[in-house]
Every structure is written in structure tokens, then in C-alpha cells.
Amino acid sequence: GLHAELSRLIREQGFTVVGAGSAAELGGANGITDYTARQVAVRSDMDPAAQVKTLAHELGHVLMHGPNQQEARGHRGVVEVEAESVALMIGAAHGMDTSEYTIPYVSTWAGQVKDQEPAEVVKATGERVRQTAISVLEQLDTPQVVDGTPPGLERNPPQRSGAVRQSPEPKDMQRTGPAPEPAGMRREPAASAGVERSGL
């Protein structure tokens with residue numbers, strides 16, 4: 001029921017949801033949010049889990065990156081980090097571990113933000129991502145197995161007595177070298193006006 005519920009939330013924002021037969025129809029992407037046409041398109045030739053994850057990613061764009069939210073659209077890398085992180089949390093709440101795809105995707109886009117370290121980009125987007133994902137999860141009529149905390153991360157790490165402990169950077173998010181470009185991702189500085197293209 002997650003596909004139907006995510007589609008419902010997208011439609012409630014005034015967008016239509018359509019399928020595309022292949023990445024070629026979407027300019028090489030797995031999903032596209034077109035703000036001008038008020039349409040979200042997702043490849044229908046992917047497995048159902050990938051379609052759901054892509055739909056969650058596009059819902060992140062719909063909710064966070066519309067033309068009326070110019071400060072949120074400052075850099076393509078930031079908007080892709082945010083949308084994919086929302087999808088990670090929505091997937092995690094439903095027992096889907098998307099980290100194998102999401103970590104390289106987020107790392108690659110975060111690495112393209114000028115004058116910022118990738119880890120800082122991810123940290124800076126964290127609260128907006130968390131608020132958006134929680135808002136979505138509260139509106140879904142689907143069985144959720146956890147609270148949306150991504151696999152391998154602790155939302156409330158235990159405190160040691162007598163010392164303040166800071167949460168370490170997740171191992172999966174540490175940059176050890178250049179991240180590979182995920183399949184289907186386009187390395188252009190910005191999408192066409194009013195259109196967000198995404199990978200999975």
C-alpha cells in the first residue's frame with residue numbers, strides 16, 4: 001500500500017502521478033518532478049521497491065523544492081541530498097534498506113556543493129529532512145515497522161555519565177574517496193526550469 005499512499009500525498013499537493021516506460025523517457029532519470037506541468041513521473045520498468053523509493057524521493061521534491069521555495073533551491077546538490085534522505089527515512093520506516101543506493105547518491109550530490117564538505121551538507125539538511133519525513137510518515141496509512149531511523153544510525157545515542165557524547169558521523173556517510181556516480185543520475189548543474197530529475 002505504500003505506492004498508493006505516496007501517490008495520494010503527491011496528488012494532494014496538486015500533482016498527477018504517471019508512469020514512464022524507461023529511463024530514456026525521463027532523460028536518463030528514474031523519476032522526475034515537473035513543477036510547471038504539476039506532474040511526477042516514475043519509471044514503471046523498475047522493480048516495485050525501486051518505484052516506491054523513487055516515488056518517496058519525488059514526494060520529497062514536491063514538498064521541499066517548489067518554485068516558491070527559492071532558498072531551498074540554492075544548489076542542485078542540496079535538493080538531491082534532501083529528497084533522497086527523505087526517501088531513505090520513509091523506506092526505513094517500512095522495512096526497506098535503501099542505503100546501498102542512497103549513500104553513494106547522497107555522497108555524490110553533497111560532494112558537488114561548492115565550498116562545503118559533503119558531511120556538512122548532509123548535517124545542514126538534517127532538520128529539514130527529519131521534519132519532512134516525519135510529516136509524511138504521520139500522514140501515511142501504511143504499516144510502519146520502525147520510526148524512520150535509517151539502518152545503522154541511532155536517533156538517540158546513549159549518554160555516558162559525566163561526559164557529553166556527540167554522535168559520530170555514520171560510517172556509511174564518511175567520505176573515503178570519490179563516490180561513484182549512481183546509475184541514471186545526470187551530472188548537470190541544474191535541471192531544466194521547473195523540472196527536477198532524480199536517480200532511483
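Trainee: How many helices and strands does the chain have?
Mentor: The chain has 5 helices and 4 strands. Keep in mind that this is a predicted model.

Trainee: And what pattern do they follow along the sequence?
Mentor: Reading along the sequence, you get α-β-β-β-α-α-α-α-β.

Trainee: What share of the residues counts as buried?
Mentor: Of the 200 residues in the chain, 48% are buried.

Trainee: Let's go to helix 1. Which of its residues are buried?
Mentor: Those are Leu 2, Glu 5, Leu 6, Ser 7, Leu 9 and Ile 10.

Trainee: What covers them?
Mentor: The cover for the buried residues of helix 1 includes strand 1 (16-20), strand 3 (39-43) and helix 2 (48-64). Helix 3 and helix 5 are also part of that cover.

Trainee: What follows helix 1?
Mentor: Gly 14 does, and its phi is positive, near 90 degrees.

Trainee: What lies 2.9 Å from a polar atom of its side chain, I mean the side chain of Ser 7?
Mentor: That would be the backbone oxygen of His 3.

Trainee: Which residues does Ser 7 touch, leaving out those up to four places away in sequence?
Mentor: With those left out, Ser 7 touches Val 17 and Leu 55.

Trainee: New topic: at what angle do helix 3 and helix 5 pack?
Mentor: Helix 3 (residues 76-93) and helix 5 (residues 118-139) pack at about 45 degrees, and their axes are 8 Å apart. Because of that angle, helix 3 is oblique to helix 5.

Trainee: Is their crossing left-handed or right-handed?
Mentor: Helix 3 and helix 5 cross in a right-handed way.

Trainee: Which residues make the contact?
Mentor: From helix 3, they include Val 78, Val 81, Glu 82, Ser 85 and Met 89. On the helix 5 side, Val 121, Thr 125, Arg 128, Val 129 and Leu 137 are among them.

Trainee: How many of the contact residues are nonpolar, polar and charged?
Mentor: In the contact of helix 3 with helix 5, there are 12 nonpolar, 3 polar and 3 charged residues.

Note on methods: Residues are numbered from 1 along each chain as its sequence is written. This is a predicted model: local features need pLDDT of at least 70, side-chain atom pairs count only at pLDDT 80 or more; totals for chains, interfaces and linings use all residues. Side-chain values use heavy atoms; hydrogens and water are left out. Axes are lines fitted to C-alpha atoms, for helices over the stretch in contact, and angles run from 0 to 180 degrees between N-to-C directions. Helices (H or I, at least four residues) and strands (E, at least two) are DSSP runs, numbered from the N terminus. Angles under 35 degrees count as roughly parallel, over 145 as roughly antiparallel, 65 to 115 as roughly perpendicular and the rest as oblique. A crossing is left-handed if the near helix is turned anticlockwise from the far one by less than a right angle, and right-handed if clockwise. Contact means heavy atoms within 4.5 Å. Ala, Val, Leu, Ile, Met, Phe, Trp, Tyr, Cys and Pro count as nonpolar, Asp, Glu, Lys and Arg as charged, and the others, Gly among them, as polar. A polar contact is a pair of N or O atoms within 3.5 Å; within protein, one must be able to donate a hydrogen and the other to accept it, and residues adjacent in sequence count only if both atoms are side-chain atoms. Buried means under 20% relative accessible area, exposed over 50%, partly exposed in between (1.4 Å probe, protein chains only).
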